[in-house]
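Q: I have a model open and would like to learn how to read its features one by one. Could you take me through them?

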Amino acid sequence: MGIVAGLDSSAEFTRIVVCDTDTGAVLRQGYAPHPGDPKAVDVDPQTWLLSLGEAATGGLLEGVEAIGVSAQQHGLVPLDAQGALVRPALVRNDKRAQVAAADLIDSLGGRQAWAEAVGSVPAAGQPVAKLRWLARTEPEQARRTALVLQPHDWLVWQLLGRPARRTTDRGAASATGYWSARTGAYRPDLVELALGHRAALPEVLGPSDAAGTTPEGLLISAGTGETMAAALGLGLGPGDAVVSLGASGSVMAVHHEALADPGGMITSFADATGMHLPVVSTSNAVRALRGTAEMLGLDSLDELSALALKSTPGASGLVLLPYLEGERTPNLPHAAGTLSGLRRESMKPEHLARAAFEGMLCALADALDVLRGRGVEVRRVFLLGPAAALHAVQALSPAIFGAQVVVPQPADYAALGAARQAAWALGVARGTLSPSAPPAWQGAATQVLEPADELAAGRAVRQQYTATREQIHPGAFGG
C-alpha cells in the first residue's frame, strides 16, 4: 500500500486528490482558485503554482510518493532560450486566434491536408493557432520564442526544478496541432509555418513513464491533458463513449487507432493509456436549453426539464435544430437555429421544451454517428456535465443514443486520472505493475440507464430530426 496524488490545474482552479495506490480510494482533497481574473486569456503561469501551493496546504501531500499532473489543454507557454517567459501564457479558446487558425488552414492547403498531417484541423484554442496569432500580432515576442510548452508540461517542469529535459505525454501532445497521434511524431514544419521559425518541443513520454524524480525522491509521472486524464479517471475502455454537456458539446470514445477525417469533423487525440480518443465537437448543447428556458420565461433548467416531460416523444411534430451559434458538426459555421413543424396543436410550452431537449440530444447523436460511421464501437455512453442530472436528459438520452447511458457521480475525474497515472508510473518504477496497463482501481459510482422499450420511439425522434435537418441543410453530413 502507498499514497499518490493527482492534481488538475484547470482554467480556473487547482484540485488535488490524494489516493490509495492499490484501490484508488480518495484519502484527502484540496482546492484553490487561481488568483486573478478567472476568464483571462493572458495568464501568468506563476498563478498556477500559487493555487497549487494553496491547495496543498495543511499537510495534504504528507506521505505522497508520486504525483501526476493534469492541466487545461487550450494553453501555450512561450519561453526564450534560457527558459524565461516571453509573455503571459495564452489560454482558453481564445477567439483572437480565429483568423490565425483560418490562415493556417489555407496555408497548408485546406482542412483535409491538416487532418491527414496531424489528425485535426486548426481551431482558435489550439497552440498551433496561438503561435500563428503570436507571430502576426506580437512579432518581437514570436522571434524570442525558442521553446513551446503547454500548461501541464510547464507545471511538471517546475515541480522537477526546471531541469534541462522538458517532457510532455502523447495525450497532451495530440492537442497541439503539430503532433500526430497516428504517426506518434511531431511536425516541426507546422510549428515553423505558424511561428515563422522552428522551436524546441518537449520530449513525448509513454503512458507509464516518469518525467523524473524530485531531489526529495518524489516521482512525477508523465502527466496529460484534462480530457485524457478524465478518461483515465473514469476508467474508460473500448466500447465506451463520453458525451460532455457544456454550453457547447463534445463526444469522444476509446478506439484502437487514430482516425484521420478528411472533413475535419473528428479530432484525433491520443489517450493516456496508449489507445486513442477520437473527439467530435458541437457548437451548441446546453446553450440551446438555456435559450429555450429564457424564451419560455423559466428561471431554471430544472423547470424546463419538468415541462419537457409533460410532452410526448417527437414533441407533437416540433423540431429544433439547435445551431444557434453556427455549428461545427455538421460544418455549418454560418447557420442559425431552426424551429420547424409549427402547427396549432404543437404551439404549447411543453412541446417547445421537449423539442429543445430532443434537438440537443439528436445533434449529439449525430456526432456519435460520425464516430460509429468510422468503425468506433459504442456500447455505453457516459454523460458528463451538470446538465446530465436533469430528468429530461436522463429520460430521453438512452433511446436517442441507442445505447446504455451511464451517469457518473460528480467527482474530480481529471485529478483522479492524474493520480491513477502516478500510481501506474510508481508501480512500473518499482517493478510491481506492467507498463502495458494502468492499475485496476475501483470504478466510479454511477447511475445506469437502459433504453429498454423506448428504442422505437427514440428512432422515430431521430428520423424526424434527420428529415428536418436534411430539408433545411441538405447534404450537411455529405449524404
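Q: Which residue just after helix 9 takes a positive phi?
A: Helices and strands here are DSSP runs (H or I, at least four residues, for helices; E, at least two, for strands), numbered from the N terminus. Just after helix 9 comes Gly235, with a positive phi of about 75 degrees. Keep in mind that this is a predicted model, in which local features need pLDDT of at least 70 and side-chain atom pairs count only at pLDDT 80 or more, while totals for chains, interfaces and linings use all residues. Residues are numbered from 1 along each chain as its sequence is written, and side-chain values use heavy atoms, leaving out hydrogens and water.

Q: Which residues other than glycine have a positive phi?
A: Let me show you two cases. Arg92 has phi near 65 degrees and sits in the loop between strand 7 (89-91) and helix 2 (98-108). Ala452 has a positive phi of about 45 degrees, and its place is in the loop between strand 24 (446-449) and helix 15. Ala452 counts as exposed because its relative accessible area is 53%.

Q: Where is there a cis peptide bond?
A: Look at omega: the bond joining Thr329 and Pro330 is cis, with omega about 0 degrees. Pro330 belongs to the loop that runs between strand 20 (319-321) and strand 21 (338-340).

Q: Which residues have the most contacts inside the largest nonpolar core?
A: A nonpolar core is a set of buried Ala, Val, Leu, Ile, Met, Phe, Trp, Tyr and Cys residues joined through side-chain atoms within 4.5 Å. The largest one here has 58 residues, and Leu245, Phe357, Met360, Leu383 and Phe401 have the most contacts inside it. Helix 12 (residues 349-372) supplies the largest share of this core, 15 residues. Apart from it lies another core of 32 residues, among them Val77, Ala89, Val91 and Ala211.

Q: What is Leu245 in contact with?
A: Contact means heavy atoms within 4.5 Å. Setting aside neighbours within four places in sequence, Leu245 is in contact with Val286, Met360, Leu364, Leu383, Leu384, Gly385, Ala387, Ala388 and Val393.

Q: Is Ala194 buried or exposed?
A: Compare its accessibility with the cut-off: at 1% relative accessibility, Ala194 counts as buried. This residue lies in helix 8 (residues 188-195). Not counting residues up to four places away in sequence, Ala194 touches Leu104, Val128, Leu131, Arg132 and Ala135. Separation along the chain is another thing to read: Leu218 is 24 residues from Ala194, and their C-alpha atoms are separated by 37 Å.

Q: Is Gln29 buried or exposed?
A: Gln29 is exposed, because its relative accessible area is 55%. You will find it in strand 3 (residues 26-33). Beyond residues up to four places away in sequence, Gln29 touches Ile16, Val17, Leu60 and Asp412. Gln29 and Leu60 are 31 residues apart along the chain, with 7.3 Å between their C-alpha atoms.

Q: Where is the place of His473?
A: His473 is in the segment after helix 15 (455-472). With a relative accessible area of 15%, His473 is buried. Leaving out neighbours within four places in sequence, its contacts are Leu321, Tyr323, Leu332 and Ala335.

Q: What radius of gyration does the chain have?
A: The radius of gyration is taken over C-alpha atoms, and the globule rule is 2.2 Å times the number of residues to the power 0.38. For 479 residues a compact globule would have a value near 23 Å, and the chain, at 22 Å, agrees with that. Its C-alpha atoms fill a box of roughly 75 × 50 × 40 Å along the principal axes. The chain has 15 helices and 24 strands, and 56% of its residues count as buried.

How values were computed. Buried means under 20% relative accessible area, exposed over 50%, partly exposed in between (1.4 Å probe, protein chains only).
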